[in-house]
Amino acid sequence: MASALSIRDAVTVRMHRHSLWSPLAASAGAVVHQYVAMQAQEYAYALWATAQRRAPGTDGNTAADLAAAVDRGEILRTHVLRPTWHFVAPSDARWLLALSAPTIHRINDSYYRKSSLDAATLNQVHEVLAVELAGGRHRTRTQLQAALADSGVESSGLRLTYAMMHAELEQVIISGASVGKQRSYALFDEQVPASAPLDRAAALKLLAERYLSTRGPASVKDFAVWSGLRMPDARAGVAAAVEDSPGRFEQFMLDGVTLWWEPRSTVPPAPAPPRVDLAQCYDEYVMSYFESKHFLFTPAGQRLEPAAMMYHPVLIDGLMAATWKHVLTAAAAVIQLAPLRSLSAAEVAAVEDSVAAYGCFLGLPTSTQWLLP
């Protein structure tokens, strides 16, 4: 197999396919639907990752606006794919959970046993939660913990964590509206529209198609790690996607990795450098890859020892060039940054502009604090 793209080309295509360089004129819920599932372990930063993929000037694109979209149920948050929090669209929640649940249950099985969560106890948990949330009531984790205790189910620490996750995976509960500063749960069937079930083969094919069209170029192993699927299932999904749409996806070799992508046209142009994107550490541009994740890192020969590692990557022209985090007060945001390589004056200025844009998203004045090596 010959290489169809250079690493620079692959980075450019990925940044466009992730809508970081080709933002969408779409609602926040439609953005989440576009990407099937978006890791949302860091809730506030996950809202930012969603906002970044919407066209500049799009209405309703502040942190408060996106949190309101979550409260309205246009974006749902649950444990799916890998056993961690993700944003999903209501129309995708049923089939994604049905596909993911067997794998996640296998991963969680030892924790269920350690927490004495046998089948009878878990059924009782489901029944209590269903009664407590019936009729459109949204309840916080603390409120549901109290209801379980009142019914005789002790639930604290990891026992509560895994009892609630089991109820999510079994489509009993899903995210609800915020209650004060706390997020809540609601009944799954009251938040998620009914839909015809997909058999496992159809779900694997659909997931592979949507992954490759939004994340490619990517390898089968990239897909397996992102999806939480076992390699045989990942291979089957990609094979079915390729077979079902002859010519849609193409395979090539790059830097020793076999990749698949959907070549819609020539490689789109990159923005004028320096282009800065403040990504979150669980951004789909980061988390969608494993075998080929190294494409996004600054070349090792240019790296500095940073004064601090803030986890969240500063991307310059699609490559990780610094790390960042926010330090928030009620009145302002300080953005701390640690370079991973020497930055030019133009790059520093572009970072400052991106920080200002992030402040607009937060609705707070921002300042930068550079932590230099």
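How many nonpolar, polar and charged residues does the lining of the second largest pocket have? I went looking, and these are my notes.

**Ground rules.** I am working on a predicted model, where local features need pLDDT of at least 70, side-chain atom pairs count only at pLDDT 80 or more, and totals for chains, interfaces and linings use all residues. Residues are numbered from 1 along each chain as its sequence is written, and side-chain values use heavy atoms, with hydrogens and water left out.

**Entry 1, second largest pocket.** I counted eight nonpolar, seven polar and four charged residues in this lining. (Nonpolar covers Ala, Val, Leu, Ile, Met, Phe, Trp, Tyr, Cys and Pro; charged covers Asp, Glu, Lys and Arg; the others, Gly among them, are polar.) The second largest pocket holds about 340 Å³ of space. Of its 19 lining residues, Arg-77, His-79, Trp-85, Arg-141 and Tyr-185 are the closest to the centre. Helix 8 (157–169) gives the most to the lining, five residues. For the terms: on a 1 Å grid over the protein atoms alone, a pocket is an open set of points with protein on both sides within 12 Å along at least five of seven lines, a cavity is a set where a 1.4 Å probe fits but cannot get out, and lining residues have an atom within 4 Å of a point. Points are joined across faces, edges and corners, and a volume is the space filled by probe spheres set on them. Helices (H or I, at least four residues) and strands (E, at least two) are DSSP runs numbered from the N terminus.

Helix 14 brings the largest share, four residues, and the lining splits into twelve nonpolar, five polar and three charged.

I checked Leu-81 next and got a positive phi of about 60 degrees, although it is not a glycine. Leu-81 lies in the loop between strand 2 (76–80) and strand 3 (84–88). Is Leu-81 buried or exposed? Leu-81 is buried, at 2% relative accessible area; buried means under 20%, exposed over 50%, partly exposed in between, with a 1.4 Å probe and protein chains only. Asp-255 also has a positive phi, near 55 degrees, but Asp-255 is partly exposed at 48%.

Phe-223 is one of the buried residues. Leaving out residues up to four places away in sequence, Phe-223 touches Leu-207, Ala-208, Tyr-211, Leu-229, Ala-234 and Val-238, contact being heavy atoms within 4.5 Å. Just after the helix, Gly-228 takes a positive phi of about 80 degrees.

I noted a cis peptide bond between Gly-216 and Pro-217, omega about 5 degrees, and Pro-217 sits in the loop between helix 10 and helix 11. Another cis bond joins Pro-273 and Pro-274, with omega about -5 degrees.
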